[in-house]
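Please walk me through this structure as a tutorial, taking one feature at a time and giving the rule for reading each feature before the case itself.

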Amino acid sequence: MNVAVTVNGTVYERDVEARKLLIHFLRDDIDLTGSHIGCDTGNCGACSVILDGTLVKSCMVLAVQANGSKVETVEGLADGEQLTALQQAFTDHHALQCGYCTPGMLMSATSLLRSNPSPSDEEIRKALQGNICRCTGYWNIFEAVKSVAR
Ligand code: FES
Ligand code: FES
């Protein structure tokens with residue numbers, strides 16, 4: 001099937017199998033490998049992207065379902081070398097170690113802060129509950145998000 005998906009402002013038109021997942025479209029068909037695959041079963045959140053304004057796990061969406069849609073990935077956050085405040089906060093608060101979960105964490109937190117710029121501690125925790133990190137113990141990630149939310 002032929003699909004046209006706008007990713008970070010650029011339209012990508014490709015022929016894909018109907019069974020292809022959006023995460024595989026992003027990584028394999030258009031070479032945007034910032035979104036990671038941690039489980040392929042909707043549990044880890046490493047593949048999180050924003051689809052038409054809604055946070056989704058891109059291993060739970062077919063590429064054909066994104067046809068005609070706008071997708072935002074971690075590659076679209078920074079403006080050239082200029083990091084977003086949230087990305088800078090992750091650096092400042094040592095909110096990553098191996099970095100595998102980081103793209104998904106950033107997309108989940110970005111989605112939260114867009115809809116709720118002043119989230120409570122509980123709202124931050126709830127927004128990140130779909131993202132697994134095996135390194136940091138989560139505290140520094142929470143602190144990074146909170147620092148931007150203030
Ligand atoms: S790879 Fe999609 S949730 Fe883990
Ligand atoms: S920093 Fe390694 S999984 Fe989160």
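**Domains, core and helix faces**

A: Taking contact to mean C-beta atoms, placed from the backbone, within 7 Å, 13 residues of domain 1 are in contact with 10 residues of domain 2. This is a predicted model, in which local features need pLDDT of at least 70 and side-chain atom pairs count only at pLDDT 80 or more, while totals for chains, interfaces and linings use all residues. Residues are numbered from 1 along each chain as its sequence is written, with chains lettered from A and ligands numbered from 1 in the order in which they are written.

Q: Where does the chain divide, and how far apart are the C-alpha centres of domain 1 and domain 2?

A: Domain bounds come from an automatic or database domain assignment; here domain 1 covers 2-73 and domain 2 covers 85-149, and their C-alpha centres lie 21 Å apart.

Q: Which element gives the largest share of the side of domain 1 that touches domain 2?

A: Elements are DSSP runs numbered from the N terminus, helices being H or I of at least four residues and strands E of at least two. Strand S3 (residues 48-51) gives the largest share of that side, 3 residues.

Q: What is the largest nonpolar core, and where does it lie?

A: In soluble globular proteins, nonpolar side chains tend to be buried together. A nonpolar core is a set of buried Ala, Val, Leu, Ile, Met, Phe, Trp, Tyr and Cys residues joined through C-beta atoms within 7 Å, where buried means 20 or more other C-beta atoms within 10 Å of the residue's own, exposed 12 or fewer, and partly exposed in between. The largest such core has 42 residues, and Leu22 and Ala109 have the most contacts inside it. Helix H3 (102-115) gives the most to this core, with 5 residues. Because domain 1 and domain 2 both give residues to the core, it lies between them. Leaving aside residues up to four places away in sequence, Ala109 touches Leu86, Ala127, Leu128 and Val145.

Q: Which residues of H2 are buried, and why do they line one face of the helix?

A: The arc is that of the directions from the helix axis to the C-beta atoms. In H2, Leu86, Gln87, Ala89 and Phe90 are buried, and they line one face because, seen down the axis, they fall within an arc of 160°. Ala85 and Thr91, on the other side of H2, are exposed, whereas the cover over the buried residues includes H3 and H5.

Q: Is Gly53 buried or exposed?

A: Gly53, in the loop between S3 and S4, counts as exposed, with 11 C-beta neighbours inside 10 Å.

Conventions. Contact = placed C-beta atoms within 7 Å.
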